[in-house]
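Me: I would like to go through this model one feature at a time. Please give the general idea before each case.

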Amino acid sequence: FGSCEPCVPPPTVNVTFRVDMSLEDVSADGVHIAGSFQGWVADTSQMTDAGNGIYTYTATVLANSYHEFKYLNGNSFDFVELVPEACGVPDGQGGFNRFLNTSANDTILDLVCFGRCTVCPSPVEVTFQVDMQNETVSPDGVYIAGSFNEWNTSTDQMTLLQDDIYTFTTTLYTGDYHEYKFINGNTAAGYEVVPAGCAANGNRYLTAPDVNTTLDLVCFGSC
């Protein structure tokens, strides 16, 4: 308007988004992406299954522009990923969005794991051990609860191995941090009291190793 020159559309570039869903049970509705580049609509931008748990989506956006986005396991914001603060910007709702600044060239973004900042970690088998010799063991058995099972006191019963020693093996992911407690019984009333010398927030804790591991044997309620 007000110029004799023909209008020239602003330059655009193609951006290819990539997410690894190998740690998730993928929704029958597919994997979607929503962001500022498409109006934050949950069900219009379905990603393509590229195999091996990897999903991709290519969008045409303005060159040299800023965008925020999230991946969804499904086609509703009920199934949106929780983006870690370390690789996000505040979303105004108490969480975080992924973000990018486009350049003047087409771009393929680095592969990331759903809900994580980096590629998906490897699964490892971790075996927990507790010695109950100083306790009168509940007729309901010995259990373990922690961040890896959403602190459910009645789902993960430990197995009597020998001489009052109970074990439990679960799959964790390398580098993930967890807190946990042993339980004499299957309710919160049976939680051990973890001494301060080996506790974080009153709980036992570990960072999942990169190889299958059996943790050191500990006495119930002791370091």
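Me: Is Arg98 buried or exposed?
Reply: Buried means under 20% relative accessible area, exposed over 50%, and partly exposed in between, with a 1.4 Å probe and protein chains only. Arg98 has a relative accessible area of 5%, so Arg98 is buried. This is a predicted model, where local features need pLDDT of at least 70, side-chain atom pairs count only at pLDDT 80 or more, and totals for chains, interfaces and linings use all residues. Residues are numbered from 1 along each chain as its sequence is written, and side-chain values use heavy atoms, with hydrogens and water left out.

Me: With which residue does Arg98 form a salt bridge?
Reply: Side chains of opposite charge can pair when their charged atoms come close. The criterion is a side-chain nitrogen of Lys or Arg within 4 Å of a carboxyl oxygen of Asp or Glu. The partner of Arg98 is Glu81, and the closest N and O atoms are 2.8 Å apart. Glu81 sits in the loop between strand 5 (66–73) and strand 6, while Arg98 is in strand 7, 17 residues apart. Glu81 is buried at a relative accessible area of 1%. Strands here are DSSP runs (E, at least two residues), numbered from the N terminus.

Me: How many salt bridges does the structure hold?
Reply: There are four. One of them pairs Asp176 with Arg116, again with the closest N and O atoms 2.8 Å apart. Asp176 is in the loop between strand 13 (165–173) and strand 14 (177–184), and Arg116 in the loop between strand 9 (112–113) and strand 10, 60 residues apart. Asp176 is buried, at 19%, whereas Arg116 is partly exposed, at 23%.

Me: In what order do the strands of the open sheet lie?
Reply: Strands of a sheet pair through backbone hydrogen bonds, either parallel or antiparallel. Pairing here requires at least two DSSP bridges between two strands. The open sheet has four strands in the order 2-5-7-6, with antiparallel pairing. Strand 2 (31–35) and strand 6 (89–90) are at the edges with a single partner strand each, so one side of each has no neighbour in the sheet. Strand 6 is joined to strand 7 (residues 96–101) by two bridges; in one of these, Val89 is paired with Asn97.

Me: Where is Ser138, and what is it in contact with?
Reply: Ser138 lies in the loop between strand 10 (123–131) and strand 11 (142–146). Contact means heavy atoms within 4.5 Å. Leaving aside neighbours within four places in sequence, Ser138 is in contact with Asn184 and Gly185. Ser138 counts as buried, at 17% relative accessibility.
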